[in-house]
Amino acid sequence: MLRVDISDSWLIGAFVLAVGIYAEVERQKYKTLESAFLAPAIILILLGIVMFFVSFMGVLASLRDNLCLLQAFMYILGICLLIELIGGVVALIFRNHTIDFLNENIRRGIQNYYDDLDFKNIMDFVQKEFKCCGGEDYKDWTKNQYHDCSAPGPLACGVPYTCCVRNKTDIINTMCGYKTIDKERLSVQHVIYIRGCTNAVLIWFVDNYSIMAGVLLGILLPQFLGVLLSLLYITRVEDIIAEHKLSADASVAFQEKSEVERAGTGCCMCYPGEQ
């Protein structure tokens, strides 16, 4: 059971790593910004490396019944699980700092919105799907040199069209966010989304808590089962080793006893006249 689970994780890790490497190779052809922020390819590569090597260690340990490798596999898996739990708890306790951290990183991404295609695609998707604009609010777009109100060009003091309020039947107008940043929130709320994407995503998580609970369970439960199965497997291997050692000790003791008896018998046979 443990070997099958670890083998599956090993194959999944190798697949994730391969996809990440392919995505990064393709990304390098068009990347103009040296930044790993929100780069899916980098995330996939790191995740694939961790999954592949940890699972490979588990496969090798289970095939050879190596206690050291099995214990290392269990400890690494347990540490990863503990880090995830602690990280989640810390993020919830210091949620205000977490939100500020996210908003600050989104503003950094906005500065290079037209240079980093990874961030641009993710930001456009989030703004369209969650009906939001910017990190904290739509005024974050002033951080971009093309959307700043003092910048020349038609994009000045505007937001990307993915921030615009529209119906599914509307034809996309790429200039719908023209001259909106310098206006009051209430005057543009029917033109663009005025709430920030950080709050929009957090609200979606709260509203869909059952989905998020299922996702978290799907991530954490296999790791917990992996630690538990590893512990049981290690206990079984230790029992087998202990039984083998007892059997070997008993065999050695029996052999020594037999040698002593044979030695005693040989001593008696030295005196045939006494029979």
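Modeller: Buried means under 20% relative accessible area, exposed means over 50%, and partly exposed lies in between (1.4 Å probe, protein chains only). This is a predicted model, in which local features need pLDDT of at least 70, side-chain atom pairs count only at pLDDT 80 or more, and totals for chains, interfaces and linings use all residues. Residues are numbered from 1 along each chain as its sequence is written, and side-chain values use heavy atoms, with hydrogens and water left out.

Biologist: Why is Cys 164 called buried?

Modeller: Cys 164 has a relative accessible area of 2%, and the limit is under 20%, so Cys 164 is buried.

Biologist: What makes Cys 68 exposed?

Modeller: Its relative accessible area is 60%. The cut-off is over 50%, so Cys 68 counts as exposed. Cys 80 has 27% and is therefore partly exposed.

Biologist: How do you know that Cys 164 and Cys 176 are joined by a disulfide?

Modeller: A disulfide is a pair of cysteine sulfur atoms within 2.5 Å. The sulfur atoms of Cys 164 and Cys 176 are 1.8 Å apart, so they form a disulfide. The torsion about this S-S bond is about 100°, so the disulfide is right-handed. Both cysteines lie in the loop between helix 5 and helix 6, 12 residues apart.

Biologist: What makes Cys 132 and Cys 197 a disulfide?

Modeller: Their sulfur atoms are 2.1 Å apart, and the limit is within 2.5 Å. Cys 132 is in the loop between helix 5 and helix 6 and Cys 197 is in helix 7, 65 residues apart. Helices here are DSSP runs (H or I, at least four residues), as strands are (E, at least two), numbered from the N terminus. Cys 132 has 0% relative accessibility, so it counts as buried, and Cys 197 has 4%, so it is buried as well.

Biologist: How many disulfides does the structure hold?

Modeller: Four. With the bonded cysteines numbered in sequence order, the pairing is 1-8, 2-5, 3-4, 6-7.

Biologist: Why is the pair of Tyr 114 and Tyr 146 called edge-to-face?

Modeller: Rings of Phe, Tyr and Trp (its six-membered ring) pair if their centres lie within 6.5 Å; planes under 30 degrees apart count as stacked, over 60 as edge-to-face and the rest as tilted. The ring centres of Tyr 114 and Tyr 146 are 5.6 Å apart and their planes are at 85°, so the pair is edge-to-face. Tyr 114 has a relative accessible area of 32% and is therefore partly exposed.

Biologist: What makes Phe 130 and Trp 204 edge-to-face?

Modeller: Their ring centres are 6.0 Å apart and their planes are at 90°, so this pair is edge-to-face. Phe 130 has 19% relative accessibility, so it counts as buried, whereas Trp 204, at 33%, is partly exposed.

Biologist: What are the residues lining the largest pocket, by polar, nonpolar and charged?

Modeller: They divide into 22 nonpolar, four polar and two charged. Ala, Val, Leu, Ile, Met, Phe, Trp, Tyr, Cys and Pro count as nonpolar, Asp, Glu, Lys and Arg as charged, and the others, Gly among them, as polar. Helix 4 gives the most to this lining, with seven residues.
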